[in-house]
Amino acid sequence: MRSVTLFAEQIDDLRKISRGFLVAAVVGITAQFLSEHYGSPAMLMALLLGIAFNFLTQEDNCRPGIEFTARSVLRFGVALLGARISIELIAGLGPKLIALVIAGVFLTILFGLLGARFLGRGWRFGLLTGSSVAICGASAAMAIAAVLPKNEHSERNLTFTVLSVTVLSTIGMIVYPILTETLRFDDWIAGVFLGGTIHDVAQVVGAGFSVSEQTGEVATVVKLIRVAMLTPVVLVISFLVRSYAERGRADGNQPPVLPLFVLSFIIFAVLNSLGLVPPIAASAMTSLSRWALLISIAAVGMKTSLGRLMDVGGQAIILIIAETVFIAAFVLVGVAVVDGWD
């Protein structure tokens, strides 16, 4: 009798999870439709539409599914990002440009931490915004948020970061190609600049191919280097968080050394680099990853109160704009120097 009761409870929990997930999925599909037909960034649309449905988190029917989607579906999407990484593509750039891009990632994260401290913001916020600007925009923000210690501002900060980097990416997609033509960069250097500075992958592709075919290809590869940096950054943060938890807790209940979604990301990246992931499978995994992230960011939006989001303050806006300007200036100077050497 007890087993029957437990089974009935599990079915009820599954039903509640499915409701919230399906609502987030509908929002994600709507955002993709708007993106394809009106040119608006899909991530931005999913986030804004999700915020409009915040009232659903006040109801027991949908709240469990929204929570599940914002957490577990998000991690699933991040794990599948590994299928986009290939060492062979990255190596084609040469050591100077690879070093420039990697240095830009780490220095931008450091700039975010220092800037947050200077502006009186917490280290979590500096790390979240700095990493999202340095690596791959909304995807990086969600991956970093998944391993950071939670506090009462975590959801608000994540939503603000995703919203900000998406808007700034769209601005960069329009302005940066004009800048490369004004500075008379060749296709190769223009691709490095665009791929090394714009936050989200979609906007990098759009900006690169708006200049030329070669610029688009180079920009995409450079962007993949930044995406590849997600693994070591998340690993370092995960280890630091665990060390902090071990010092601060006496009950032995520490977070895992290596979160499962990070381990999966690494495995998929290694398999793809070794040529063990068929192209059709890699394409399917990339598409599935994008849909998972789109649906999960819709759920994150649903968990966000617009009133609370406005409480983030002007300092946060200043910080994320400063991080964007920093990485753009660093890469711009870097590609000019490398171009002069060559």
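A residue is buried when its relative accessible area is under 20%, exposed when it is over 50%, and partly exposed in between, using a 1.4 Å probe and protein chains only. V78 is buried, at a relative accessible area of 2%. This is a predicted model, in which local features need pLDDT of at least 70, side-chain atom pairs count only at pLDDT 80 or more, and totals for chains, interfaces and linings use all residues. Residues are numbered from 1 along each chain as its sequence is written, and side-chain values use heavy atoms, leaving out hydrogens and water.

**Overall make-up**
- The chain has 16 helices and zero strands; these are DSSP runs numbered from the N terminus, with helices (H or I) of at least four residues and strands (E) of at least two.
- Of its 342 residues, 50% count as buried.
- Contact means heavy atoms within 4.5 Å. Among contacts with a separation of 6 or more, 80% join residues 24 or more positions apart.

**Around V78**
- V78 sits in helix α3 (residues 63–80).
- Residues up to four places away in sequence aside, V78 touches S139, A143, L230, F261, F265 and L293.
- V78 and F261 lie 183 residues apart in sequence, but 7.0 Å apart in space, C-alpha to C-alpha.

**Nonpolar cores**
- A nonpolar core is a set of buried Ala, Val, Leu, Ile, Met, Phe, Trp, Tyr and Cys residues joined through side-chain atoms within 4.5 Å.
- The largest has 55 residues, of which I135, I144, L230, I237 and I297 touch the most other members.
- Helix α7 gives the most to this core, with nine residues.
- I297 contacts M43, A46, L47, M142 and V162, leaving aside neighbours within four places in sequence.
- A second, separate core of 35 residues includes V133, F185, V192 and I225.

**Helices α6 and α7**
- The axes of α6 (residues 123–134) and α7 (residues 138–147) come within 8 Å and cross at roughly 145°; axes are lines fitted to C-alpha atoms over the stretch in contact, with angles from 0 to 180 degrees between N-to-C directions.
- L128, S131 and S132 of α6 meet A140, A141, I144 and A145 of α7.

**Helix α11**
- Helix α11 (residues 213–228) has 16 residues and spans 23 Å from first C-alpha to last, close to the 22 Å expected at 1.5 Å a residue. The expected span is 1.5 Å times one less than the number of residues.
- In α11, 12 of the 16 residues are buried, so this helix is largely enclosed by the rest of the structure.
- Among those buried residues are K223 and R226.
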